Amino acid sequence: MTVQSSSTSQPALSYYPSSELPATAAERFAELFLVQAKWKREDIMSFLTDIAFDEKEKDKLLMKFARGTKDKGGEMWYTTRGGTVT
């Protein structure tokens with residue numbers, strides 16, 4: 001999986017393998033939000049496939065560990081809820 005960064009003047013792609021992410025959901029979300037503060041739904045979902053086996057489980061994890069907002073174009077974005085969630 002690659003992560004696109006736009007924090008610099010030139011967008012950059014970085015290789016970020018799911019296999020190197022923590023196995024627990026709380027730790028995984030914490031690490032993902034350290035790498036990138038704001039995620040598109042389809043991008044963050046790809047990092048959940050090995051810890052949530054269907055869309056319903058992925059949605060539960062997103063509701064628990066992330067805050068979803070829609071931009072003006074109707075696209076869903078996720079950011080950290082802040083604090084710790086157990």
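Me: What does "buried" mean here?
Reply: Buried means under 20% relative accessible area, exposed means over 50%, and partly exposed is in between (1.4 Å probe, protein chains only). Both Trp 39 and Phe 47 are buried. This is a predicted model, where local features need pLDDT of at least 70, side-chain atom pairs count only at pLDDT 80 or more, and totals for chains, interfaces and linings use all residues. Residues are numbered from 1 along each chain as its sequence is written, and side-chain values use heavy atoms, leaving out hydrogens and water.

Me: Why is the pair of Trp 39 and Phe 47 called edge-to-face?
Reply: Rings of Phe, Tyr and Trp (its six-membered ring) pair if their centres lie within 6.5 Å; planes under 30 degrees apart count as stacked, over 60 as edge-to-face and the rest as tilted. The centres of Trp 39 and Phe 47 are 5.4 Å apart and the planes stand at 80 degrees, so this pair is edge-to-face.

Me: And what makes Phe 29 and Phe 65 a stacked pair?
Reply: Their ring centres lie 5.3 Å apart with the planes at 20 degrees, so the pair counts as stacked. Ring pairs also link Phe 29, Phe 33 and Phe 65 into a cluster.

Me: How do you know that Phe 29 is buried?
Reply: Phe 29 has 2% relative accessibility, so it counts as buried. Phe 65, at 9%, counts as buried too.

Me: Why does Lys 58 count as buried?
Reply: Its relative accessibility is 9%, so Lys 58 falls in the buried class.
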